[in-house]
Amino acid sequence: MVLNYLSVKDISLLSMASKTISGRLINYISSSSASRRLLLQDFHQELPARREGASILEHYRALGLLLKRCTLLLPTRDRLKYVHKVLSGVSCFKLNGCASPLHCLGLQCYGVFLQILTAGWDELECHRVFNFLWELSNLARKVQTVVSSKPGSARRLELRIRLFCRGVLLSPGSRRSDSAFWLTRILKPWPMVNQARLLYIIFGPVSSRDGHVVWQKMIEGPTDETSLKGLADAIKLLYGTEAREWTADDVISLVDELSEEVTEILSPPRSEVVPQEWLMENNARLLLLSGNSICFTFMASKAVNGRAVELARLMVFMVLVCEKDLYCMDWAVKMMHKVCKVFSTPWERNNFLQCLENSFARMLMDMLQAVLAGERDEEDSSFLNLFHLMNAQANFHKEILYLAMGSTSSTS
C-alpha cells in the first residue's frame, strides 16, 4: 500500500536502503498491481502523456534505473530474465508487437530503459544483453531473410528491423562508444555484402509516406544531404576510435560494397532483378559527408590499386558536389593534391591528372549532347547539370591556378 503512493524515483531510492527492502521491491514490481501502475503504455499519443512532470520516455528512463538498482546483486543472466518477465506484457516493446510502429514510442521507451539499465556494464555483460535480445526477438532469422532477399521484397520486415535497431539498440542520446558497440554487434556476424545491405536498411533513406526503405533513391537521380546523413554518420562511427573492431580497410570495403551491391532492385511488373549502381554524384556526396579522413582513405585506396580512371571520375563528381552544395572549392583542390602524393611514380600521377581532364571533357560533352537533343523535364535538369558542371570546372581550375601562382610567387 505504501509503495503505491511512491513515485518511480522514490521507489528507486528506497531500493538502495537494504538488501531486504530490495528483495521486497523485486516481488512488488513483478505483481500485477505494480505492472499496471509502472508499465505505462500510452505510446501512440501525438504528445507523450505527462505523469509526475515527466514524459513517457523519462518515465521509462527512471524505471530502468529502478530495475538496475533492484537487481544489482543478481547475476547478469538472472537480471535479464527478471527484466524480461517484468516487461513481457508490453507488446509495443516487441519487434512485431505494434500495429502502428511508425506512430509508436514503444521501442524508443524500451531503448532508453535498456540504456539506463546497462550503463556501466562491462563489455562481456553487454554481449550477453545483445545475445539475449537477439534470441528473444529471433532477429538472426529475420535479418537473414532481408539480407538474402532482393531489396524491397520484404519491405515490412525491413521497416521492423530498422525501427527495432534504431529505437532499442542504437537509442538516440547514447554515447558514441555505446552506439559503436551495438552497431558492431549488429553488423559483424554477417559477410561484407550483407553488412552493406543491413547498414542501408537501418540508416538509408525512407519514404515520407509509409516509412519503408527507398532502394531506388540512389540510382534514380542526385539525392540530398538529408537522405545520406544517417549513412554518413554510421560510417564515421565505425571509422572512429570508438569502434575498435573495425580497421580502416574494413570501413572502406563497406563503403565500396554499399554503392555496388545494395542496388539490385526489383523491376515491376515482372519482378526481375535489375543490377544497378549508385549515381557517382551520390557516391561523392556520401564521401564528403563522411569526413576528410574517410574521403581521403577511400580515394587513396583507388590510387594504390591502379584505378586511376575510376578515381578521376569520382574526383570530377566531388568537384560537382562542392559546386552544388556550396562547399569551398579549395577543399577539392587540396584533396586532389593530397591524393596525387599517394602515386608512387610521376607517370602514375600524370596519368591520373590526364584522366581527370578527360573525365571533365567527356561529362561536359555528354551533358551538352543531352541539352542539344532536347532531353528536358519539368525542372530542365539537363541544362542545370551542364550549368553546374561548367561552373564547377571553372572554379576548380581557378583554385588550381591560385595555388600554382602562389607557389610560383613564393619560390621567385
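Student: Is Asp233 buried, partly exposed or exposed?

Tutor: Let's start with the ground rules: this is a predicted model, where local features need pLDDT of at least 70, side-chain atom pairs count only at pLDDT 80 or more, and totals for chains, interfaces and linings use all residues. Residues are numbered from 1 along each chain as its sequence is written, and side-chain values use heavy atoms, with hydrogens and water left out. Buried means under 20% relative accessible area, exposed over 50%, and partly exposed in between (1.4 Å probe, protein chains only). Asp233 has 31% relative accessibility, so the residue counts as partly exposed.

Student: Which residue forms a salt bridge with Asp233, with the closest N and O atoms 2.7 Å apart?

Tutor: Side chains of opposite charge can pair when their charged atoms come close. A salt bridge is a side-chain nitrogen of Lys or Arg within 4 Å of a carboxyl oxygen of Asp or Glu. With 2.7 Å between the closest N and O atoms, the partner of Asp233 is Lys229.

Student: How far apart are the closest N and O atoms in the salt bridge of Lys236 with Asp233?

Tutor: Lys236 and Asp233 are three residues apart in helix α13, so about one helical turn separates them. Lys236 is partly exposed, at 33% relative accessible area. In this salt bridge the closest N and O atoms are apart by 3.7 Å.

Student: In which helix do Lys334 and Asp330 both lie?

Tutor: These two form a salt bridge, with closest N and O atoms 3.6 Å apart. Lys334 counts as exposed at 57% relative accessibility, while Asp330 is partly exposed at 30%. They sit four residues apart, about one turn, in helix α18 (residues 329–340).

Student: How are α8 and α9 oriented to each other?

Tutor: The axes of helix α8 (residues 139–148) and helix α9 (residues 155–169) come within 10 Å and cross at roughly 130 degrees. Axes are lines fitted to C-alpha atoms, for helices over the stretch in contact, and angles run from 0 to 180 degrees between N-to-C directions. Angles under 35 degrees count as roughly parallel, over 145 as roughly antiparallel, 65 to 115 as roughly perpendicular and the rest as oblique. Therefore α8 and α9 are oblique.

Student: How many salt bridges does the structure hold?

Tutor: Among the salt bridges is the pair Lys334 and Asp330, and another is Asp233 with Lys229. For the whole structure, the number of salt bridges is 17.

Notes:
Helix = DSSP H or I, 4+ residues; strand = E, 2+ residues; numbered from the N terminus.
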